[in-house]
Amino acid sequence: MELTLDLTGRRVVVIGDPRVARRSLARYVAAGAVVFSASPARGAVPSGVRSVEFPSSVIGWRHLVSAVDLVVAVAVPDDASRVMAEVCQELRTWCTREEPSATASVGHVTLVGGGPGNEGLLTAAGKDALRRADVIFYDRLGPHEHLAEWAPGAELINVGKTPGHHAVPQHEIERRVVESALAGNTVARLKGGDPFVFGRGGEEVIACRKAGVPVTVISGVTSAISVPAAAGIPVTHREISRILTIVSGHAPLSEDELAHLVGLDSTIVVLMGVTTLPHLAAGLVRHGMRADMPVAVIERGFSETQRTTTGTVSDIVEVANAAGARSPAVLVIGEVVRLSQDDGVASDVLQHTVTLATQG
Ligand code: SAH
């Protein structure tokens with residue numbers, strides 16, 4: 001169970017070595033509480049935290065517990081933990097236990113797939129990793145508006161494009177992520193969609209491994225599938241499409257690639273493909289794709305300004321230009337696009353799908 005409490009001005013004592021409790025201490029400071037640290041072992045406390053004596057008797061515990069609103073225990077020795085719990089019970093003071101931070105000299109990196117921008121599509125594991133992080137590297141492609149709320153106390157570092165600034169180059173991101181983990185931090189690298197779908201996640205994993213930094217990857221909901229779904233397009237559909245090809249439109253495809261794509265007769269989903277759409281559409285037609293093959297361009301999926309523009313492989317360039325379609329957008333090329341449209345047979349097929357989905 002999770003409770004959200006307003007801790008502004010409340011007195012919170014964090015019991016435990018400040019080195020292993022550093023994340024908890026930072027979080028309560030960030031929440032606006034008056035934070036005390038009571039540790040059996042003396043260690044430097046972070047700024048904004050006052051050090052108080054660790055109680056050595058039941059009376060000492062009563063004295064401390066009665067002076068605060070919340071007691072937070074982080075790796076407290078068993079005997080002290082027992083007394084502390086009894087005194088909290090007796091004085092009816094809230095008491096909670098939290099996980100210690102890693103004290104190993106090397107921290108840990110988690111690549112978190114943030115999904116396509118909708119908070120509901122960030123996985124529970126991803127959210128958990130953000131909550132545990134000391135440092136989060138993010139960019140505009142991941143859902144970042146609520147980071148301060150999801151990871152209070154974490155240091156938030158924007159490595160994406162900001163107005164007037166270029167994005168931090170990939171090798172520099174890798175260097176900074178590794179450096180932070182080597183300094184002992186629990187690092188989360190938040191990425192848009194899935195880290196391994198055109199997200200350069202593989203490169204970041206290799207950089208961590210090379211540096212001896214343990215790394216975990218939490219998959220995310222990729223825009224390649226979820227953005228078409230948000231526009232009512234299933235990327236596969238029984239008897240319509242049983243092959244799905246996800247293509248990067250970052251650079252134009254070669255003649256060979258275009259020929260293979262047409263030959264596959266699959267649903268083609270293109271990411272980063274707005275700029276190269278003229279080359280792609282012309283190439284597909286040149287290699288024999290039917291001129292009336294449906295195409296959808298879905299811009300800014302899951303935002304309030306999400307927009308779908310549809311056409312055929314022969315007129316989509318003109319239609320998208322006229323509509324002023326811009327990145328970020330997901331392109332879908334294939335018969336499945338018809339399933340989102342309210343016409344004839346396609347509409348029956350879609351209704352069938354919806355019925356199945358409701359039946360669960
Ligand atoms: N790893 C990401 C993709 C990164 S490439 C994933 O799995 O989704 C970036 C491209 O993803 C964008 O150019 C665009 O084509 C697509 N994209 C990501 N989020 C999107 C969204 N909310 N709406 C439309 N396109 C999106």
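1. The model contains an open sheet of five parallel-paired strands, ordered S8-S7-S9-S6-S10. Strands here are DSSP E runs of at least two residues, helices are H or I runs of at least four, and both are numbered from the N terminus; two strands pair if DSSP finds at least two bridges between them. Strand S8 (155-158) and strand S10 (215-218) stand at the edges with a single partner strand each, so one side of each has no neighbour in the sheet. From one strand to the next, the twist averages 20°.

2. This is a predicted model, in which local features need pLDDT of at least 70 and side-chain atom pairs count only at pLDDT 80 or more, while totals for chains, interfaces and linings use all residues. Residues are numbered from 1 along each chain as its sequence is written, and side-chain values use heavy atoms, with hydrogens and water left out.

3. The mean pLDDT (the predictor's confidence in each residue, from 0 to 100) is 89, and 94% of residues reach 70 or more. Over residues 344-360 the pLDDT is below 50, and this stretch has 12 contacts (heavy atoms within 4.5 Å) beyond near neighbours in sequence.

4. Strand S7 (residues 135-138) runs parallel to S8 and is joined to S8 by four bridges. Ile136 stands opposite Leu156 in S8.

5. The axes of helix H10 (residues 277-286) and helix H11 (residues 316-323) come within 9 Å and cross at roughly 160°. Axes are lines fitted to C-alpha atoms, for helices over the stretch in contact, and angles run from 0 to 180 degrees between N-to-C directions. The contact is made by Leu277, Pro278 and Ala281 of H10 with Ile316, Val317 and Ala320 of H11.
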